[in-house]
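Keep the structure open beside you as you read.

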Amino acid sequence: MVTAAMVKELRERTGAGMMDCKKALAETNGDLEKAVDFLREKGLAAAAKKSSRIAAEGRVESYIHGDGRIGVLIEVNCETDFVAKTDDYRNLCRDIAMQVAAVKPEFVRREEVPASYIEKEKEVLRSQALNEGKPAHIVDKMVDGRIEKYYKEICLMEQSFIKNPDQTVEEMIKEAIARIGENINIRRFVRFELGEGLEKRQDDFAAEVMAEMKK
């Protein structure tokens, strides 16, 4: 059985992400040393170390979908101009831009979400839970669980990657860091949707974007 303490120790030793550590321990039946080797073989331990390095180069990628109905601009940073010009890096940036177009995140990571934003959401969730008839003494725990789910909806790094739903965008970025050999950081993005906020016919833009990615 993989425990939180085991995950914590493995994270401290390798610097890898929590989900990567949990997977490594599960794959190695809880053997810490084998789990360390597992992460090193995958390049994830090295990727974690690279994540602290300065990334000031990169590119601003654009993605336009549906004959101009959705547009995304995203800044993705790396360490060198050389890497920024490679096809691998450009494809990575495009994939991330398409993710933003399809899934509509509001923030890059949870640390950017204002506390007031979360408090407001907690109030709504708390009212919903009480209206559902849930006992008051478990409502707070339910709200905390739903807030975690909410982070996964609004934060780009915590969303399931549309090309591989079994991994998050953060995990996909770590794989790219290990593969490319430089730190990669999603700095910011902006998403435009034609007529957003106006009354209009509802289209499933996310499904369209995902279909285009499969071409």
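Let's begin with a salt bridge: the side chains of Arg-179 and Asp-88 come together at 2.9 Å, N to O. (A salt bridge here is a side-chain nitrogen of Lys or Arg within 4 Å of a carboxyl oxygen of Asp or Glu.) This pair links distant parts of the chain, with Arg-179 in helix 9 (residues 169–180) and Asp-88 in helix 6 (residues 87–103), 91 residues apart. Arg-179 counts as partly exposed, at 48% relative accessibility, and Asp-88 is partly exposed too, with a relative accessible area of 31%. For these labels, buried means under 20% relative accessible area, exposed means over 50%, and partly exposed is in between, using a 1.4 Å probe and protein chains only.

A word on what you are looking at: this is a predicted model, where local features need pLDDT of at least 70 and side-chain atom pairs count only at pLDDT 80 or more, while totals for chains, interfaces and linings use all residues. Residues are numbered from 1 along each chain as its sequence is written, and side-chain values use heavy atoms, with hydrogens and water left out.

In total, the structure holds 15 salt bridges. Another of them joins Glu-193 to Lys-104, at 3.9 Å from N to O. Glu-193 lies in strand 5 and Lys-104 in the loop between helix 6 and helix 7, so this pair ties together parts that are 89 residues apart in sequence. Strand 5 itself covers residues 185–193. Glu-193 has another partner as well: its side chain makes a polar contact of 2.8 Å with the side chain of Arg-191. (A polar contact is a pair of N or O atoms within 3.5 Å; within protein, one must be able to donate a hydrogen and the other to accept it, and residues adjacent in sequence count only if both atoms are side-chain atoms.)

Then there is Glu-61, which forms a salt bridge with Arg-59. Glu-61 counts as buried at 10% relative accessibility, while Arg-59 is partly exposed, with a relative accessible area of 24%. Salt bridges can also join up into a network, as they do for Glu-75, Arg-187 and Arg-188.

Here are the three pairs side by side:

| Salt bridge | N to O distance |
|---|---|
| Arg-179 and Asp-88 | 2.9 Å |
| Glu-193 and Lys-104 | 3.9 Å |
| Glu-61 and Arg-59 | 2.9 Å |

Now turn to helix 7, residues 115–131. Its 17 residues reach 24 Å from the first C-alpha to the last, close to the 24 Å expected at 1.5 Å a residue. (The expected span is 1.5 Å times one less than the number of residues.) Which residues of helix 7 are buried? They are Ile-118, Leu-125 and Ala-129. These residues cover an arc of only 40° around the axis, which puts them on the same side of helix 7. (That arc is taken from the directions from the helix axis to the C-beta atoms.) On the other side of helix 7, you'll find Ser-116, Lys-120, Glu-123 and Asn-131 exposed. After helix 7 comes Gly-133, with a positive phi near 85°.

What covers the buried residues of helix 7? The cover includes helix 8, residues 136–154. Helix 8 has 19 residues and reaches 27 Å between its first and last C-alpha, close to the 27 Å expected. Its buried residues are Val-139, Met-142, Val-143, Ile-147, Tyr-150, Tyr-151 and Ile-154, and the buried residues of helix 8 pack against helix 7.

**Stepping back**

Over the whole chain, the secondary structure comes to 10 helices and 5 strands. (Helices, H or I with at least four residues, and strands, E with at least two, are DSSP runs numbered from the N terminus.) Of the 215 residues in the chain, 40% are buried. The chain exposes about 12,700 Å², with carbon and sulfur atoms supplying 50% of it; accessible areas come from the Shrake-Rupley method with a 1.4 Å probe, and for residues only the protein chains shown count as cover.

How does the chain come back to itself? Among contacts between residues at least 6 apart in sequence, 61% join residues at least 24 apart, where contact means heavy atoms within 4.5 Å. Met-19 sits in helix 2 (residues 18–27) and is partly exposed, with a relative accessible area of 43%.

Conventions:
Expected span 1.5 Å × (residues − 1).
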